[in-house]
Structures are given as structure tokens and as C-alpha cells.
Amino acid sequence: MSQNIEQLEQMVADLLAEARRLGASAADAAVSASAGLSVTVRLGEVETIEHNRDQGLGITVYFGKRKGSASTTDLNPKALKETVAKACTIARNTSEDECAGLADPELLAHDYPDLDLHHPWEISPEQAIGIARDCETAARDFDLRITNSEGATLNTVEGSFVYGNSHGFVGGYPTTRHSLSCVVMAQEDECMQRDWWYDTRRAAEELASPAAIGEQAAKRVVARLGGRKLGTCEAPVIFRADVAPGLLRSLVGAIRGHAQYRQASFLPDVLEQRIFPEWVRIHEAPLIPRGLASAPFDNEGVATHPRDFIREGVVRSYVLDSYSACKLGMTTTGNAGGVRNLAIESNGGSLEALLKRMDRGLLVTELMGQGVNPVTGDYSRGATGFWVEDGTLQYPVEEITIAGNLREMFGQLVAVGNDTDIPGSVRTGSWLIERMTIAGN
Amino acid sequence: MTDTLSLAQETLLSPAGINEHHLKQVMEALATSSVDAADLFFQYSRLESWVLDDGIVKEGNFNLEQGAGLRAISGEKTGFAYTEAINLENLLEAAGSARAIARAGQSASIAVGTQQVPAPLYPPINPIDTLPDEEKIALLKRIDATARAADPRVKQVTVSLVAAHDIVLVMDNEGRIASDVRPLVRCSVQVIVEEGGRREQAGSGGGSRTGLEFFLKEERALGYAREAVRQALVNLEAIDTPAGAMAVVLGPGWPGILLHEAVGHGLEGDFNRKGPSAFSGRVGQKVASELCTVVDDGSIPGRRGSLTIDDEGTPTRETVLIENGVLKGYMQDRFNARLMQAPLTGNGRRESYAHLPMPRMTNTYLRAGDQDPEEIIRSVKKGLYAVNFSGGQVDITSGKFVFSLSEAYLIEDGRVTAPVKGATLIGNGPEVMTRVSMVGNDLQLDPGIGTCGKDGQSVPVGVGQPTLKVDEITVGGTAL
């Protein structure tokens, strides 16, 4: 792959040179290439084998304070020239924008660590099929009520990317990502349910075992059988750890610089204000070795650093790139392209402890729909889960909604569990929220 | 040879020196004797987008993409490979990877021919060139000015203008070649309004398979600006939504997204062949109120969800899914139609050459009934009038669906009264369809803004319906 990186670096250099030749005063470019294999086994038989080979590049050019962008998946020299030319044409038509431009050169990651993100998996389609089959078999054999399957899928991708800009920055590295997932259906009387489980890692040896993933998918779907509606009421709600990351994403959306300067946030001008109880700390850790969202520099080449967004319940930092930082008169936080490995600290013990503490209420295990208004914080989503009495699960519930307002929900966060063993880049346990409106019968 | 086909060949094949003989060679490498079906899909696409925000044209982007996807099917197995660089060597390599799904077999001999393609439903133009850049910029600025002039409470306006040019060529293992040139334009306007510290947002937009002049006709795009402002101002007055089960009247047009989610996905062939849909095995049974006739029609000229041919070369058509409440059939792609021994319906669609085709909707709508919309509202003592939705989702196995309302009002004693905010509807698709008790005579299709996601693939779609009443749906609000 190292030679591949050099090729990509050369391509970035060529793009920047072409932009300069066409009169751009500044430019940046990113090039990526990846190859992968994806196999799906359904009901014990191979369903699909896909060989994926993706490549692409994007360039942004600046003519003074005007910018234009173009991208392509066609990497032959003629297409590269056409792409740069298109970006320049666009830049002639966009408006002067005081904040348009590259990141401050002093903030660029000229010397960055190797985060151990590249662990290729030499696996043949036959081996991949075997693993997917083991996973699906474990799910189907788990319970007689598992009557159907959408299959188990193994996916492995190896890729490289390089980013460079006309400040002289160039950086890039290879990465890998491997995933195994399983989707099964269970039936009892007239009730049919579907659920899934998965794992995804940088290194194949860290993946959960095929049997563990299959069994988890099976347990989840069987537990949903016999779901009932609830009567409309107010009650405390626990967002189980695997659905809690959505709440953190809503927070990040609201404290992003773009939402702040456009006044398009349900948390306007909240810097240094308390929005959570005092014990809450939410931070990002972009430099975790093998982390799924780890990156030594952001999409503008700015060095990334561990950072608290919320400490003692107070907003300590917005999520900024150079543009939004300029609009707000601040400095970029190295979050061009998003936050990396977001985490919330736990204070509440196990999920069982949270259930005991809630005593009576709703445990939410799945959310549906897009009912989150980023401007007002109004929250109303379809939910599936379990009704809880005396701290123990009573029966599955479905076809209900939970509603509230995110600002109030953040203020009413009672506890976060230590059940953080969920796949993906966000580290959180389950959230207990004091009170929400549940709509049902 | 049609004009479209020569254009597709000149754009996709000639630059790499690929001729019909080479296509035959690649297909023969892909479709060995143990392969039941195979296809080659070539695509060229160009997409230009502009964004006005904060009163200035901040962003412009141009995307160039092309490639070829090769698929070989043996029984229920599919092998798939694609390449971004269209040349004979890559195509043969991809054919070798895709074919590995099947047992080794003899090469079949392919005779190349041209498929009869129906009359195009849209002009074979490049919509990016239908307005000079300066006029695109001027249009964005006029939309911004119109929104800001509409009301002093408008604080933020974002406008996007997108034009896409797609050329596809598909060849199957019988040697049939078909092609299509697909223009697509879209404009959307988002506004944020503020009054007394309270902020609300709303959006509007539209689009079509035509050129950008579509937005200039009758000042159509300025209408989007006024509509977005109107909706946002309504939301400023909105009160908390009542929570619980109640009668819901859905307005005409875009609320048809409810059908798309509640029944449309459940009628896609793949889900039904594999059996996880709540509608599986129910053809001939009553699955909805007899007032409901639901069709999918990819052959309506110029619509966002329309295609002259689908991504497997099958001409699109009108397919009746539910007639007077009785389930008639499913939407199919070649793979599922063959396995279910069902007719092709022209619903084989893919996001791009890098994705496998699946049965997908085109324009899905409920046919008009005979009731006056006013009468429908008058019939409700206490309920909700849902005019606009921001999105929906369905779990086709359990049939559960969810929608988020972006504009809705209370109905009290047969009259539309206060606007409500942040409401969600949740229900069970098959159940809700049996509770449709009144259907209006005012069928409308949506303005051309829909995008549907399935298995990570997005495709443009259309929806529509007349005003209709559902006797009971659970409304997720905050007010008890």
C-alpha cells in the first residue's frame, strides 16, 4: 500500500499544480482509493459476492475569496484536468466570501502519529462465505421461532487516502475496516419481527465471533415477539446504549459552528452555559489507536486533539472548522469532517442498575423516523422497547412514539450506564431521562 | 439505431475504443452456461450543484462519474463487480470476478442486437447546459430576495439548485442493448424565521426530468420561496401536538409518502420472494379499504420518479398494486421476477453502476375517489389535518411505519383550527390501509422532491394521493 500512497500523493501534487496553472490563488485536494469484498449468505446459501473497487478525488480552488469545488471517480489524466477546470469555472461564479480559504498554516499537522488503522485481512471469498454462514447458522439455530433470514454479510475494505493543500501540507495513510452483520426474522402466531446485530473493527482479530453476532441478532429479535402498544402517558425513559449515540449526534449538530453562526440550532449561543447536569462530561478522542473514527488530522489538514465539548455539564467548546470558526471569530477545533470517537462518561453502573433506578418506565431499544427538529429541539420518534415495572422488563412494546424537547431531555439526564460495549465509534452507555411523553392507544 | 443509443455509445464506449464485438466478448466471459442471467451496465453522469446561503452564493460543486457494473446470476446467487475505468481489460477482469459465483461452464455464444426502447418520457438533453451560469446565479439570488421580501421575520435562507445528466447503456445475456439519457433538475429552499426569540424552519422545492428553465416558468422557483416562508410562519404559531390515537386527514400530493412507506416498500418483489414482508403471499386478498387503488407508474412524462427504461433495460409502465382494496401484484426487477415467475414491471433500479439493481418504486400514488375534500374535513369531530411531511421510515417485516409532520393542524368540530408542531404519526401499514374511510377527488402528485433510500441506495421517486381520511392513527405529540 505504501507505493499506492505515493501514487495518490503524486496525483494530489498534479491537481494542485493544475489549479495553480489555471490561476487559482489557493487550492486543496483529497484523493482516495479502496478495494473490498462483500459476501452475503442467506438460509445457508451464498446470495451475493460483490467485488468493490472505489476511487475518487475532490478539489476545491480559491480565487481570492471565491471558491469552487469539483469531484470525480474517473482518475485518468484527462478527467483530472476537466475536474480542476470545472472547479475553476464554478469559482468564477460564486460570491466573495470573507471567510473562504484554507486552514491557518500554523495549525496543520506537519508531524502526525501513526494510529495503527491498517490491518488488511487476506481472506478468500470461500473463507468469507464460511464465516458468514457460521454467523447466520448460529442465529437460525438459536430459537425455533427464528423462521426466516435476510442473511449474514461479511464486508472487508482496504483503502488509502491523501489530502494536500497549497500551504504545502500533504498527508495520508492506509486504513482497513471489517464488518460482520446478521439480520433475522422471528415469528409467533401472527406476529413477525426482524432485528439484527453487527460488529465492525479496524483489525479482523478484534471482531466479535460469528456465533456471538448471530446469537445476539437472534436474542434481539425473539425478545421483540408479542409486542403490545402502551396507553398514552408520561414516564421516565431509558435509551439503551445502542440507540443512545443518536442523542450525542443531536448535541454535536447543535454545537457545530455552522448551526451556531446561522442561528439554526436549538442551543443558540450556549458556549460556557450549563445544558446538562453537573456530572456530565462529553469528549472526543481522535487519536485512539485502531479507533474507527480516529484521524491524526481533519479534512483541512488541521491536527486533531482530544477535547472536552461538555465538562461539568457546561458547553466548553463548539465543533468548528476553519470557516465556521472565522464566522464566529474563533479558532478551528480540527473538526472539519466531524467529531471523532465521541464519548460520554458513565456515572450509573450497569443497565440493570439503571432499570432499578428507573423502577417504572420505558426501555427504548429501537427508534424510527426523522422526527428531530434541529432548530427547535422538538423530538418525536417512533419507538420499540420494553415496559419496565419494579426495575425489571415486563413485556415488549411497539408502535408507540416518545416525544419531548432535546434541551429539556439533556437537562433531565439522570444517569448514563457503563454498558458501553456497543459497536461503532461512539462510546456511550444507556441514558436514563427523567420524563418524556409516550403516545400509544 | 436510435439517437439515444448512438449518443450512449459515443459517450461511454467509443472513448475507450470499445465496440459491439468487445461487448460480445465481455458478455461471453461473464455469461457461461451455468449462469442464468447476466448484464453489463455502463453509466456516465455529470452533476452540478449550487448553494446560496447567508445571502451569497457560497458553494458550487461539479461531479463527474462513470463506470460499468457487471452482474452474473446463477439460481439465487448473484456475483457482482464494477470498474470506474471503462476499458476492455478492466471489463474482462470484472467479468471474471462476477462470474465466479457460478460453477465453471462453457462460454455461451451471444448475438448482439438492439432492444426496442419506447418513446422517451423526457428530452435527451444535458440540463446543466440549459441555463448559462450567470443566469443560475441570478435565479438563486432572486429566490433569496423573494424569501426575504416575503416577511421581515425571515432570518436565514438557503437555496440549492441541482442539475444532473445521466447516460446509461445496458446489455443483457441475450445480447439486447438498450440505452437512456436522463436529465434531472431540483431546486430547494429552506428558511428560518424568528419572532420573539422563537425560531422555526421550513422548506419547499420541486423538480423534474427536464432542463433548468422548468424553474423559470410562471416563476415556479419563486413560488418555492414563498411557500417555505408561509410554512415557517405557520410553525411560529404552532402549539404542542396532542398525543394519542385519533382520526387523521392527509392532504393531497406529498403526503402520499405515507403510501410509499406504509404499503409501497412492502410490495417490492425482493421482500416478498424472501418472505419478510407483511404483504408476502397475499395476492388476491383484501389488504386495504375498498376505496384504495394504489398504482406505481414509471411512465408518466417528465416526472422525477419516471424512467423510459429501468436500469435493466425493461420499459417502465403502470402497475396496479392494490385495486379496490385487493392486492394485485408486486413490483419486480429481473432477478426476483424470474424466481417468482412473475411479469417484469420495469422497477429494476440501482443508485449507480457500483450498486446492484433491486425492485424499487417509481411514482407511487393512490387514485382519486369521489369525495369533496371539504366534506372529508367536516366529517372529523376531533383529529389532525396533516398537510406536509418531512420524512418517513418503515419496518416492512412488522409493517410498522413512522412519519414526521412538518405542517399539521388540529381539526375541531369539522373545522381546521390551530397549527401543531413536531408531530409524528406511527402505525401499521396493512392496518392503516384498512382504516381509510374517505378518499377525495383531488389527486395530486408531489412537486418532484422525493428521494427513497433502501439498503444504502438512494433513487429519485415520486408520490401522490388525493385528500384522504384514516379513522385512527397514533399521533406522537407532547401534550396529554
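At 44% relative accessibility, E312(A) counts as partly exposed; the classes used here are buried for under 20% relative accessible area, exposed for over 50%, and partly exposed in between, with a 1.4 Å probe and protein chains only. E312(A) sits in the loop of chain A that runs between β9 (307–311) and β10 (314–315). Helices (H or I, at least four residues) and strands (E, at least two) are DSSP runs, numbered from the N terminus. The phi angle of E312(A) is near 55°, a positive value in a residue other than glycine.

The model is predicted, so local features need pLDDT of at least 70 and side-chain atom pairs count only at pLDDT 80 or more, while totals for chains, interfaces and linings use all residues. Residues are numbered from 1 along each chain as its sequence is written, chains are lettered from A and ligands numbered from 1 in the order in which they are written, and side-chain values use heavy atoms, with hydrogens and water left out. The scores of the model are ipTM 0.91 and pTM 0.93. For chain B the mean pLDDT, the predictor's confidence in each residue from 0 to 100, is 94, and 99% of the residues of chain B reach 70 or more.

Chain A has nine helices and 16 strands. Its radius of gyration is 24 Å, close to the 22 Å that the globule rule gives for 441 residues, so chain A is as compact as a globular protein of that length. That radius is taken over C-alpha atoms, and the globule rule is 2.2 Å times the number of residues to the power 0.38. Taken along the principal axes, the C-alpha atoms of chain A fill a box of roughly 70 × 55 × 35 Å. Buried residues make up 59% of chain A. A contact means heavy atoms within 4.5 Å; among contacts in chain A between residues at least 6 apart in sequence, 71% join residues at least 24 apart.

The accessible surface of chain A comes to about 17,100 Å², and 46% of this belongs to carbon and sulfur atoms. Such areas come from the Shrake-Rupley method with a 1.4 Å probe, and for residues only the protein chains shown count as cover. Chain A carries 42 positive and 59 negative side chains, and the centres of the two sets lie 4 Å apart. Lys and Arg count as positive and Asp and Glu as negative, with His and the chain ends not counted; each charge is placed at NZ of Lys, CZ of Arg, CG of Asp or CD of Glu.

Inside chain A, L248(A) belongs to helix α5 (residues 245–255). This leucine is buried, with a relative accessible area of 0%. Not counting residues up to four places away in sequence, L248(A) touches I282(A), L342(A), I344(A), V426(A), T428(A) and W431(A). G36(A) is 212 residues from L248(A) in sequence, and their C-alpha atoms are 30 Å apart in space.

Chain B comes to 10 helices and 24 strands. The radius of gyration of chain B is 24 Å, close to the 23 Å given by the globule rule for 480 residues, so chain B is as compact as a globular protein of that length. The C-alpha trace of chain B spans about 75 × 55 × 35 Å along its principal axes, and 63% of the 480 residues count as buried. Of the contacts in chain B with a separation of 6 or more, 75% are between residues 24 or more positions apart. Chain B exposes about 16,200 Å², with carbon and sulfur atoms supplying 48%. The mean positions of its 46 positive and 61 negative charges are 3 Å apart.

Helix α6 (residues 257–264) of chain B is mostly covered, with eight of its eight residues buried. E218(B) lies between β7 (198–208) and α5 (220–236) and counts as exposed at 78% relative accessibility. Phi of E218(B) is near 50°, a positive value in a residue other than glycine. N324(B) is in the loop between β11 (318–323) and β12 (326–327), and at 48% relative accessibility N324(B) counts as partly exposed. Apart from neighbours within four places in sequence, N324(B) is in contact with S289(B), E290(B), C292(B) and T293(B). The C-alpha atoms of N324(B) and R367(B), 43 residues apart along the chain, are separated by 10.0 Å.
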